[in-house]
Amino acid sequence: MAGIGGSNYWEDLRKQARQLENELDLKLVSFSKLCTSYSSSRDGRRGDTSDTTPLLNNSTQDRMFDTMSVEIEQLLAKLTAVNDKMAEYTNTPGTASLNAALMHTLQRHRDILQDYTHEFHKTKGNFLAIREREDLLGSVRKDIETYKSGSGVNNRRTELFLKEHEHLRNIAMATKENMTSQRGFLKSIQSRVNTLANRFPTINNLIQRINLRKRRDSLILGTVIGVCTILLLLYAFH
């Protein structure tokens, strides 16, 4: 390697390192802004209205993310190579008198490289986590919308069935209350008739006939109510 022992070579390496560090700093700032805008636009779309449109759609942001990731990784690889050359230079003969100063400079560039690498991976990890989360939420929302649109007719049928069921329930309750009231009224009449029969034994035969007719009428009424209830249930379920 020509001129590896000269100070010009070291200064050239430092110049390359500083140039790459400046480029990385600018790229990382833009990369961080992209990730922040991606998160903000996703949040905005969740509460979006018809007159709100994000500046960048998902596919554009994703392409920019992939492109910038590759560019930053390439710059980090170049800066790593320059640092390795600087480390190699500090071990060449003739640099012992300057070794402390050279090592201090080399360590500073290594620290910068480490900070940039850490920042890049942290920002990239946050971006991927946000994208994965939003893709999952988007899939869930899509499934919900599909279910809602596909089950609209079923929901309408269910609503009509519930209304009909409630109507039949009200009829049954009213019938039950009416029968209970009639039963109490009939018991009251029967009690009075029994009292009269006990006082006037000669009308026992008449009372028995009346009781037989009353039972027959009760059976007929119960049968009619039961048939009507069955017919209403059959109509509701068909």
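Q: What makes Glu 73 and Lys 124 a salt bridge?
A: In this predicted model, the closest N and O atoms of Glu 73 and Lys 124 are 3.2 Å apart.

Q: Where in the chain do Glu 73 and Lys 124 sit?
A: Glu 73 is in helix H2 and Lys 124 is in helix H3. They are 51 residues apart, so this pair links distant parts of the chain.

Q: Why is Glu 73 called partly exposed?
A: Glu 73 has 36% relative accessibility. Buried would need under 20% and exposed over 50%, so a value in between is partly exposed. Lys 124 gets that label too, with a relative accessible area of 22%.

Q: Asp 62: buried or exposed, and how do you know?
A: Buried, because its relative accessible area is 19% and the cut-off is under 20%. Arg 131 counts as buried as well, at 19% relative accessibility.

Q: How many salt bridges does the structure hold?
A: There are 3. One of them joins Lys 27 and Glu 71, with the closest N and O atoms 2.5 Å apart. Lys 27 is in helix H1 (residues 7-46) and Glu 71 in helix H2 (residues 58-90), 44 residues apart. Both ends are partly exposed: Lys 27 at 28% and Glu 71 at 27%.

Q: Why is Thr 105 called buried?
A: Its relative accessible area is 12%, and anything under 20% is buried, so Thr 105 qualifies. Thr 105 lies in helix H3 (residues 99-150). Leaving aside neighbours within four places in sequence, Thr 105 is in contact with Trp 10, Arg 14 and Met 86.

Q: Which classes of residue make up the lining of the second largest pocket?
A: The lining has 7 nonpolar, 2 polar and 1 charged residues. Among the lining residues are Leu 168, Arg 169, Thr 175 and Cys 228. The pocket holds about 170 Å³ of space.

Note on methods
Residues are numbered from 1 along each chain as its sequence is written. This is a predicted model: local features need pLDDT of at least 70, side-chain atom pairs count only at pLDDT 80 or more; totals for chains, interfaces and linings use all residues. Side-chain values use heavy atoms; hydrogens and water are left out. Helices (H or I, at least four residues) and strands (E, at least two) are DSSP runs, numbered from the N terminus. Buried means under 20% relative accessible area, exposed over 50%, partly exposed in between (1.4 Å probe, protein chains only). Contact means heavy atoms within 4.5 Å. On a 1 Å grid over the protein atoms alone, a cavity is a set of points where a 1.4 Å probe fits but cannot get out, and a pocket is an open set with protein on both sides within 12 Å along at least five of seven lines; lining residues have an atom within 4 Å of a point. Grid points are joined across faces, edges and corners, and a volume is the space filled by probe spheres set on the points. Ala, Val, Leu, Ile, Met, Phe, Trp, Tyr, Cys and Pro count as nonpolar, Asp, Glu, Lys and Arg as charged, and the others, Gly among them, as polar. A salt bridge is a side-chain nitrogen of Lys or Arg within 4 Å of a carboxyl oxygen of Asp or Glu.
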